[in-house]
Amino acid sequence: MLEKLNEIERLGLEALETVRDEAALEAWRVAHLGRSSALMQLFNGFGQLSKEERPVMGQRANEVKKALEAAFNARSDELRQAALKRSIEQERLDVTLPGRRVPLGRLHPDTQILRELYRIFGEMGFQVYCSREVESDEYNFQLLNFPIGHPARDMQDTYFVESEGRGDNPIVLRTHTSPGQIRAMREISSRNPHNPAPVRIVLPGMVYRYEQVDARHETQFDQIEGLAVGPGITFSDLKGTLADLARRLFGQNVRTRFRASFFPFTEPSAEFDIECFLCGGKGCNVCGGGWLEIGGCGMVHPVVLQNGGYDPERYTGFAFGLGPQRIAMLRYGINDIRYFWENDLRFLEQF
Ligand code: PHE
């Protein structure tokens, strides 16, 4: 029986040498230390041994069991260490790699051109005045000399926000920044009604028109309105201001032109064009005929001055409404106005 125990020990330790993973280790445990293992069978047979034999065999059998258990634990540790080592090698993290750059934001091209316009107009003595985007019909049209039902309203297809119960004064998304002229003049003239201070302001912001969309028309776009009111302001001041603006934006050689036009709130009125750099004046899908219309302008109509609290006998003024996106198109060579609000990063990241 002693020999049998020695054999069990030898075979068990030998078999353990070939164990390479957890599954094999578990199989080994069942085979060599489990209930039906040869060793446990021996333990079960101790009842048949004599009184003298029993302690000797018992001691040896316990030794063998302890030896096998110790070997099992040692192997189990080895396997765990090996697995850990493997995972450290395979899933190595190189903490010395340079970090990923956090992408930096930038200003939208429209914001960039607006800021440039604020700077230029600021140098010319104009202050920025912000007016509201949601307007009443009264401010958007009536006070600007578009009476109810006047055909000139058809020039500005309108989004009506609320009309119920408002009679002739529905709420609209402003179709132009011109209603800001009235709001600014009223605010300034109310401070000193008998002798109101002169006005030099620009009014930037979004305007909305229910329009046919193409390469140079959008239903939503920016305008920057200009307004100068004071004693003795003439049409030459208007021409000089806009021509100077064009030179500051595009250089000394830029070609500009004024075309006679009509707006109910200016008299006389003109359109202001800059030669299209996109096609070099030949005519393209952006400009049409070689000139890009940048905005409308004119001398403030006496009725509008009056509505703003300025006596047209003492004050004159000029006004203009420009499209900053049209300016940005010329500036950056953008051939379709629809890119501005599409939020396509391939476009926006170029500025
Ligand atoms: N408000 C006019 C438009 O949007 C432009 C304009 C502004 C014309 C000021 C004259 C004076 O079409």
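Biologist: How exposed is Asp77?
Modeller: In this predicted model, Asp77 has a relative accessible area of 40% and is therefore partly exposed.

Biologist: Which side chain does Asp77 meet in a salt bridge?
Modeller: The partner of Asp77 is Arg80, with 3.4 Å from N to O. Both residues lie in helix H4, where they are three residues apart, about one turn of the helix.

Biologist: And what does Lys65 pair with?
Modeller: Lys65 forms a salt bridge with Glu69, and the closest N and O atoms of that pair are 3.5 Å apart. These two residues are four apart in helix H4, which covers residues 53-90, so about one helical turn separates them. Lys65 is partly exposed at 25% relative accessibility, and Glu69 is also partly exposed, at 32%.

Biologist: What about a pair from elsewhere in the chain, say Asp273 and Arg257: how far apart are their N and O atoms?
Modeller: The side chains of Asp273 and Arg257 meet in a salt bridge at 2.9 Å, N to O. Asp273 belongs to strand S8 and Arg257 to strand S7 (residues 256-263), so this pair ties together parts that are 16 residues apart in sequence.

Biologist: Are those two buried or exposed?
Modeller: Asp273 counts as buried, at 1% relative accessibility, whereas Arg257 counts as partly exposed, at 31%.

Biologist: How many salt bridges are there by this rule?
Modeller: The count comes to 21 salt bridges. Some charged residues are linked in a network of salt bridges, namely Glu116, Arg119, Glu123, Asp244, Arg248 and Arg331.

Biologist: Which charged residue is buried yet has no salt bridge?
Modeller: Glu225 is buried without one, and the nearest side chain of opposite charge, that of Arg209, is 8.0 Å away.

Biologist: Then what does the side chain of Glu225 make a polar contact with?
Modeller: The side chain of Glu225 makes that contact with the side chain of Ser178, at 2.7 Å. Glu225 itself is placed in strand S6, which runs over residues 220-230. Not counting residues up to four places away in sequence, Glu225 touches Thr177, Ser178, Gln181, Ile201, Val202, Leu203, Phe320 and Gly321.

Biologist: Switching topic, how many residues are in the largest nonpolar core?
Modeller: The largest nonpolar core has 40 residues, and those with the most contacts inside it are Phe121 and Leu322. Several elements each supply at least two residues of this core, among them helix H5 (109-123), S6, strand S9 (291-300) and strand S10 (316-322). The largest share, six residues, comes from H8.

Biologist: What is Leu322 in contact with?
Modeller: Leaving aside neighbours within four places in sequence, Leu322 is in contact with Phe121, Asp222, Gln223, Ile224, Leu242, Leu245, Phe272, Ile294 and Gly295. There is also a second, separate core of 24 residues, which includes Leu144, Ala184, Ile188 and Val229.

Biologist: Where is Ser189 found, and is it buried or exposed?
Modeller: Ser189 is found in helix H7, residues 179-191, and it counts as buried, at 6% relative accessibility. The side chain of Ser189 reaches the backbone oxygen of Gly308 at 2.9 Å. Beyond residues up to four places away in sequence, Ser189 touches Pro196, Gly308, Gly309 and Tyr310.

Biologist: Which peptide bond is cis?
Modeller: The bond from Glu267 to Pro268 is cis, with omega near -5°, and Pro268 lies in strand S8.

Biologist: And which residues other than glycine have a positive phi?
Modeller: Asn145 has a positive phi of about 75°, and Asn145 lies in the loop between helix H6 (137-140) and strand S3 (160-162). Asn343 has a positive phi as well, near 60°; Asn343 lies in the loop between H10 and H11 and is exposed, with a relative accessible area of 57%.

Conventions
Residues are numbered from 1 along each chain as its sequence is written. This is a predicted model: local features need pLDDT of at least 70, side-chain atom pairs count only at pLDDT 80 or more; totals for chains, interfaces and linings use all residues. Side-chain values use heavy atoms; hydrogens and water are left out. Buried means under 20% relative accessible area, exposed over 50%, partly exposed in between (1.4 Å probe, protein chains only). Lys and Arg count as positive and Asp and Glu as negative; His and the chain ends are not counted. A salt bridge is a side-chain nitrogen of Lys or Arg within 4 Å of a carboxyl oxygen of Asp or Glu. A polar contact is a pair of N or O atoms within 3.5 Å; within protein, one must be able to donate a hydrogen and the other to accept it, and residues adjacent in sequence count only if both atoms are side-chain atoms. Contact means heavy atoms within 4.5 Å. A nonpolar core is a set of buried Ala, Val, Leu, Ile, Met, Phe, Trp, Tyr and Cys residues joined through side-chain atoms within 4.5 Å.
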